Amino acid sequence: MRRTLLAATGMAATVLALGTVALVQAQQHTPGIAVERALTSPRHLPAPPVNAPVVAAKVFDATRLGSPMTLDRDWRIGVTANAEAAAPGFDDSKWPLHNTHDLLDNLDDLDRSPETANGTQGGEKPPSGERPRHGRPFVWFRMHIRLAPHHGPVALLISMPVSQSTAMVGAGGGPGVDVFANGQEIAPEGPNGNAAGRYQEISRIYDLGVAPDEASLTLVVRTIYIPFGLASYTSFFTFHTLRIGNPADLRNELELWSVHNLFERLPRLIIGILLLVLSVFLLALYFSQRGHLEYLWLALHELVQAPIGFIDQAGSSAHLDQLWYAALVLQLLVVSAYLYFEFLVAFLGMRRRWYIVALRYSAPILAGVGPVMGLLGTHNTVLLVGMVAVLVGGILWIVGLFSFIFITLIAATLRRNYEAGLLLVSLLLMLVGVIEPILTGSMSNWGGQAYKSPLTVQAGPIPIHFASIADFIGLLAIVLIIFVRFLRIHYAEERASSELAAARSVQELIIPEQKPETPGYEVDSVYTPAQEVGGDFFFVRPMGDDELLVAIGDVAGKGMKAAMSVSMLVGALRQMTERNPARILELLNRVVAGSEGLTTCQVALFDGKGGLVMANAGHLPPYLNSQEIAVPGSLPLGAIANVTYDEVRLYLHPGDRILMLSDGVLEARKATGELFGFNRIHNLSNQSAFYIADAAKAFGQEDDITVLTVRRMPSAAA
């Protein structure tokens, strides 16, 4: 989740990234963009006058070169656009001498100094086109070295500090360097050495190619003149250590540096793996509890965060182009920021307010942030305007997101939502983890020496920075919150399941599966609820004088509420002594009057001589053999307080059968949306209750299914 916070700082620093890209372009000697001019110092300190005293020549003695030697003294430093400063015979006698342990002075651009007439040290106008196309001069670091006669191969190792501050998401070592040996530019070894300016600056070896019989070496290192900021040339020796020696010895040191570089980022890689595992766990949790979208949003958030550490490792080891590396990381960060926003909305169960809608529907602008970073350096005016609009919109969105996150979490914490409090504390720690390396890099720059943060814990060879500690605390907070929430939901579901099971047991007692004794009539019934408990019911009771009372009904809705209404209605039927179907419906209507929802019901009284009296309250019409019985329509139970119901009278011959059913049969639906319908009911009306119910269930059950048949036995005629 630290990367979500980095999204904000990354977006806020995007404008600064334009300058970084300009530096990269300068290293490639390609035309810069307008931002480059903003990085040029508006004024300079006074330059050394033309008649400045000549400083005695200093030569670094490397005649006893055995093990690698650190080039830590006698560097002459000057600022000029004159490319001849790379030549061995260039006159640098008026340039000041510096040691690497000293804080470098601010130097003026010698070509633009008021004391130098038209630009050069000798007062001569520099040749046309001499100034680099990136619009700034170079800072030159020159050293004269004496080698032993008949020396072996000589190489230079420029080593970067193994620190998070060298990562591209933090303070860095500047725009890169060019190396010259006796006037010849030297390409570095290592990954992408032929285009090192396009990649993150790392420790590299330069094979100087000095002939064995050549005892004099003029070593020149140059970088772009940036007079202020974290990439200022005055902190060059803070982030670069130069050593000269045998190539094999230097390669051993470089290999050790690579191992330390891996150790430096190992905690971040481990956290990336943990984020991947956590995202898989959250996805599994979401599919087991589909109603909780917060698990899905958080899983996607962690899944987007997981590869950032590995991308950072690839970028910081110069295996990934730094422009597209920055674009890829920034795109992942802004996407994860949006996913965290959706997680927070679902996690806190927030309603659809205007600011949530505004953030949600303005989020597509974030999709253009990464491509904008990748297109930096273009010279198309229309495209530049569009890029600026995307960057400004993205920054405004991130500012709005941060305001929303912190205000929401603070408000929820004040309402004693301890889960929100945990999230708030972890986010504050992660914010400190983001700011800390920036401050560390600034202090290193200002002090001229690498500054080690007191918040870093050393675990053997592995430094654990506060940012990694904050990330881990954030992970623990998320796991704890999800675990507690999962247990709470699990217990709630268990309690609801127990209540449903109890209601099911009660319903089974109310609607028994065993058929009662019904002299003269054969009764078959099937009851299949769509859920644990249902809203359908039927009632069969033999009465005196060979009579049989049958009722069937359907309570609107499903679940516990419908089951309680069923219990109330069946209980009322059991208590009644009334035999008249219309009167029974009137009494049931009084029972449910004032309750929410409606109930359809049908009551029939069969006598021992084949007579049938039936009343209906909005239920599906019954069938006599294969013919639908026309029953007077009336309002369902509970619609209004006082209702009278009409009755219909029929005579059943021996073998005649009455079919009564609920609308769960009629409304059975295929996946294509096709309904079971009246035609199928009519075609199956002569089948048994079990056959009809199974046919509807196989067709696609969506509601409770109840089918009841009553057939007059032939023995009743006797």
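# Report on a predicted model: strands, hairpins and surface features

At 12% relative accessibility, Thr-518 counts as buried, because burial is assigned under 20% relative accessible area. The model described here is predicted. Thr-518 lies in the loop that runs between H13 and E14. The side chain of Thr-518 comes to 2.7 Å from the backbone oxygen of Tyr-521. Leaving aside residues up to four places away in sequence, Thr-518 touches Val-523, Val-540, Pro-542 and Leu-548.

## The chain as a whole

The protein chain contains 18 helices and 23 strands. Of its 718 residues, 50% are buried. The chain exposes about 32,600 Å², and carbon and sulfur atoms supply 60% of that area. Where contacts join residues at least 6 apart in sequence, 75% of them link residues at least 24 apart.

## Strands E15 and E16

Strand E15 covers residues 536-543, and seven of its eight residues are buried, so the strand is largely enclosed by the rest of the structure. E15 runs antiparallel to strand E16 (residues 547-555), and eight bridges join the two. The hairpin of E15 and E16 has three residues between the strands, and within this hairpin Asp-545 takes a positive phi near 65 degrees.

Which strands pair with E18? Strand E17 (residues 599-606) is antiparallel to E18 and is joined to it by five bridges. Strand E21 (residues 647-651) also pairs with E18 in the antiparallel sense, over five bridges. E17 and E18 form a hairpin with four residues between them, and Gly-610 in the turn has a positive phi of about 95 degrees.

## An open sheet of five strands

Five strands form an open sheet, ordered E14-E23-E22-E19-E20, with antiparallel pairing. Its edge strands are E14 (521-528) and E20 (627-628), each of which pairs on one side only. Strands of a sheet pair through backbone hydrogen bonds, either parallel or antiparallel. Within this sheet, strand E19 (residues 623-624) and strand E22 (residues 657-661) pair over two bridges in the antiparallel sense. The bridge partner of Tyr-623 in E22 is Leu-659.

The pairings for which bridges are described above are set out below.

| Strand pair | Sense | Bridges |
|---|---|---|
| E15 and E16 | antiparallel | eight bridges |
| E17 and E18 | antiparallel | five bridges |
| E18 and E21 | antiparallel | five bridges |
| E19 and E22 | antiparallel | two bridges |

## A nonpolar surface patch

Ile-270, Leu-274, Phe-472 and Leu-476 form a nonpolar patch on the surface, and together they have about 350 Å² of accessible area. Helix H5 (247-288) and helix H13 (466-510) each supply at least two residues of this patch. Phe-472 belongs to helix H13. Is Phe-472 buried, partly exposed or exposed? Its relative accessible area is 41%, so Phe-472 is partly exposed. That class lies between the cut-offs of under 20% for buried and over 50% for exposed.

## Loop residues with positive phi

Most residues other than glycine have a negative phi, and most peptide bonds are trans. His-150 has a positive phi near 55 degrees and is not glycine. His-150 sits in the loop between strand E5 (138-147) and strand E6 (155-159). With 68% relative accessibility, His-150 counts as exposed.

Arg-416 is another residue other than glycine with a positive phi, in this case near 65 degrees. Its loop lies between helix H11 (381-414) and helix H12 (418-447). Arg-416 has 66% relative accessibility and therefore counts as exposed.

Methods: Residues numbered from 1 in each chain as written. Predicted model: local features only at pLDDT ≥ 70, side-chain atom pairs only at ≥ 80, totals over all residues. Heavy atoms only, no water. Pairing = 2+ DSSP bridges. Patch = residues over 30% accessible without salt bridge, like charges linked within 9 Å, V, L, I, M, F, W, Y side chains within 5 Å. Areas by Shrake-Rupley, 256 points an atom, 1.4 Å probe, with all protein chains shown as cover. Salt bridge = Lys/Arg side-chain N within 4 Å of Asp/Glu carboxyl O. Buried < 20%, exposed > 50% of the residue type's maximum accessible area, 1.4 Å probe, protein only. Polar contact = N/O pair within 3.5 Å; in protein donor to acceptor, adjacent residues only side chain to side chain. Contact = heavy atoms within 4.5 Å.
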